[in-house]
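Take them in order, with the model open beside you.

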Amino acid sequence: QQHQRGRIVSIEIRRSHIIDDSIRRLEAINPKRLAHSPLRIRFRDEVAVDAGGVAREWFQIIAKTLFEDLSLFVSKKEAGYAANINPFSGDIHSNHLRLFNFAGRFVAKALRDRVSLPITICLPLLKHILSVPLTFADLEFIDAESFQSYAWIRDYQESDDTNSTLEALGLTFCVDSIHPRNGSVHTADLVPNGRNIAVTEANKSQYLSLVLKYRVLDAVREQLISFLRGFDEIIDRSILSVFDYQELQLLIGGVADMDINDWKRHTRYLGAFAQLQDRHPVVQMFWHCIENDFDETDRARLCQFTTGSSQLPPMGFKALTGDDGRYCPFTLASLPRALGLWPRAHTCFNRLDLPLYKSYDELHSYLSLTIRLEVVGFTME
């Protein structure tokens, strides 16, 4: 849903202190104004004027820092490397609740501004955002190994033909959690004195309900409340009720796999490419490279280089936007050889300038090197 756009919010950030500066600057802005105004970023001592591209780079860097680098969130292979709140974040950062509040604001702002983030959020957290009840099966996304054990307990039925009982397993009303950094074990009672109350066939349903409540809520309660408060300052979560959790993830993370036919259909051609368009020899070489020699990672890198984001909006290339929030298609423009053989990007306008290469090997070589340089920041170009 397109929100009413207010006056531009412009902030200056030091790249070397990007998190601290971003938190301090955004906390000083009235939440309603932040929610309804386009965000413009200027990195101190860098010459770029932000028409949308610098802000998109800022979103990408902040997302990676918050969800990967700071250990505020944990990602496990069995959950598809989706980010879930780290219950031990307070042991790592004394200001972790402030960071989670900022993370909530940040994700909501990206949603409002239709900026795709390079993150996948774990199902339980998506459900919390949507205020959808969690189920026992959601435990699998937090700890797949423990879930298998809990599922066995749930399905186990004592029989008169055997002497085995749940009580014989020595389970009690507590949960052990292993610290991801130092390996220490933290024991939490599910009820008062829970570590001394045995789990039996008669009370196992209560035990499993309390385990679910602890793992998806109690263990991360403070962090979750801070995250949702920050989120609520930017977006009224009731308007998200029309989405399910899969649709919400699509809105947050965009489309990971790129449909090349969709890419071609929604590409505009300028300069020497305007007349022949996809029949121009250089354009034909470009699409051959994209289709046959670039893998998904290479395509994502090229998309990052050209648009400022490695992922696409939910509706694909036709939904790319420019600095004013209006649709702005991916654009291929020609560049005279006299200006050099390196491709140039204008992320504010989703535009890639391609030199008039004389051979496929020349195009492939320079384009491949460009997307692998992983240069961040903006120059005068």
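Q: Does E233 count as buried, exposed or partly exposed, and what is its relative accessibility?
A: Before the answer, a word on the ground rules: this is a predicted model, in which local features need pLDDT of at least 70, side-chain atom pairs count only at pLDDT 80 or more, and totals for chains, interfaces and linings use all residues. Residues are numbered from 1 along each chain as its sequence is written, and side-chain values use heavy atoms, with hydrogens and water left out. Buried means under 20% relative accessible area, exposed over 50%, and partly exposed in between, using a 1.4 Å probe and protein chains only. On that scale E233 counts as partly exposed, at 34%.

Q: Which residue forms a salt bridge with E233?
A: A salt bridge here is a side-chain nitrogen of Lys or Arg within 4 Å of a carboxyl oxygen of Asp or Glu. For E233, the closest N and O atoms of the pair are 2.5 Å apart. E233 lies in helix α9 and its partner in helix α5, so the pair ties together parts that are 128 residues apart in sequence. The partner, buried at 6% relative accessibility, is R105.

Q: At what angle do helices α5 and α9 pack?
A: Helices (H or I, at least four residues) are DSSP runs, numbered from the N terminus; α5 covers residues 96–112 and α9 covers residues 221–234. Axes are lines fitted to C-alpha atoms, for helices over the stretch in contact (heavy atoms within 4.5 Å), and angles run from 0 to 180 degrees between N-to-C directions. Residues that meet include F100, A103 and V107 in α5, with F227, G230 and I234 among those in α9. The axes are 7 Å apart, and the angle is about 35°.

Q: Which residue does R98 meet in a salt bridge?
A: R98 is partly exposed, with a relative accessible area of 40%. The N to O distance in its salt bridge is 2.8 Å. R98 lies in helix α5 and its partner in helix α1 (residues 18–27), so the pair ties together parts that are 71 residues apart in sequence. That partner, partly exposed at 39%, is E27.

Q: Where do E296 and R299 lie?
A: Their side chains meet in a salt bridge (3.2 Å, N to O). E296 is partly exposed, with a relative accessible area of 33%, whereas R299 is buried at 10%. The two are three residues apart, about one turn of the helix, and both lie in helix α13 (residues 296–307).

Q: How many salt bridges does the structure hold?
A: Some residues take part in a network of salt bridges: E12, R42 and R44 are linked in this way. For the structure, the count of salt bridges is 24.
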